[in-house]
Amino acid sequence: MRLTQTELEYLSAWAREEWEADCYRRPAHRLQLGHHVPGGQLIDLIKAWTEAESKPDQAILEAADNPNPAWPWRSDEEFSARLSEAQDSARSAASSWP
């Protein structure tokens with residue numbers, strides 16, 4: 001799954017914030033809370049990206065460096081469509097494992 005630049009900026013910032021004790025006070029997490037998105041759904045997007053790009057999970061930490069990203073999805077429907085794409089990608093990858 002290819003992520004847009006704004007998706008990479010957001011997900012990279014969110015992943016970096018996860019390492020902080022006060023992560024829910026930081027910009028990407030405040031956006032997550034404001035949009036009522038569970039963290040597991042963001043992890044699904046990150047995982048689909050790492051698998052599609054053949055990168056280790058921690059590559060997301062350096063994928064972008066914007067500390068104050070915008071919410072990259074214009075609507076709940078757009079977010080849901082991208083999440084479905086990520087989850088479909090993961091199912092396809094899992095079904096192809098020996």
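Biologist: Which pattern does the protein follow, read along the sequence?

Modeller: This is a predicted model. The protein has 4 helices and 0 strands. Read along the sequence, the pattern is therefore α-α-α-α.

Biologist: What radius of gyration does the protein have, and what would a compact globule have?

Modeller: The C-alpha atoms fill a box of roughly 40 × 30 × 20 Å along the principal axes. A compact globule with 98 residues would have a radius of gyration near 13 Å. The protein agrees with that, because its own value is 13 Å.

Biologist: How many of the contacts in the protein, as a percentage, are between residues 24 or more positions apart?

Modeller: The percentage is taken over contacts with a separation of 6 or more. Of these, residues 24 or more positions apart account for 71%.

Biologist: What percentage of the residues count as buried?

Modeller: A residue counts as buried under 20% relative accessible area. Of the 98 residues of the protein, the buried share is 35%.

Biologist: What span does H3 reach from its first C-alpha to its last?

Modeller: H3 has 15 residues. At 1.5 Å a residue, 21 Å is expected, and H3 comes close to this. The buried residues in H3 include Leu42, Leu45, Ile46 and Trp49. After H3 comes Ser54, with a positive phi near 55°. The span reached by H3 is 21 Å.

Biologist: How many aromatic pairs are there?

Modeller: Two rings pair if their centres lie within 6.5 Å. By this rule the count is 5.

Biologist: Tyr10 and Trp71 form an aromatic pair; is it stacked or edge-to-face?

Modeller: The two ring centres are 5.0 Å apart. Tyr10 lies in helix H1 and Trp71 in the loop between helix H3 and helix H4, 61 residues apart. Planes over 60 degrees apart count as edge-to-face. The planes of Tyr10 and Trp71 make 75°, so the pair is edge-to-face.

Biologist: Tyr10 also pairs with Trp73; are these two residues buried or exposed?

Modeller: The pair of Tyr10 and Trp73 is edge-to-face, with 5.8 Å from centre to centre and 75° between the planes. Tyr10 in H1 and Trp73 in the loop between H3 and H4 are 63 residues apart. Tyr10 has a relative accessible area of 0%, and Trp73 has 4%. Both values are under 20%, so Tyr10 and Trp73 are buried.

Biologist: Which residues do ring pairs link into a cluster?

Modeller: Tyr10 pairs with Trp71 and with Trp73. The cluster linked by ring pairs takes in Tyr10, Trp71, Trp73 and Phe79.

Definitions and conventions:
Residues are numbered from 1 along each chain as its sequence is written. This is a predicted model: local features need pLDDT of at least 70, side-chain atom pairs count only at pLDDT 80 or more; totals for chains, interfaces and linings use all residues. Side-chain values use heavy atoms; hydrogens and water are left out. Rings of Phe, Tyr and Trp (its six-membered ring) pair if their centres lie within 6.5 Å; planes under 30 degrees apart count as stacked, over 60 as edge-to-face and the rest as tilted. Helices (H or I, at least four residues) and strands (E, at least two) are DSSP runs, numbered from the N terminus. Buried means under 20% relative accessible area, exposed over 50%, partly exposed in between (1.4 Å probe, protein chains only). The expected span of a helix is 1.5 Å times one less than its number of residues. The radius of gyration is taken over C-alpha atoms; the globule rule is 2.2 Å times the number of residues to the power 0.38. Contact means heavy atoms within 4.5 Å.
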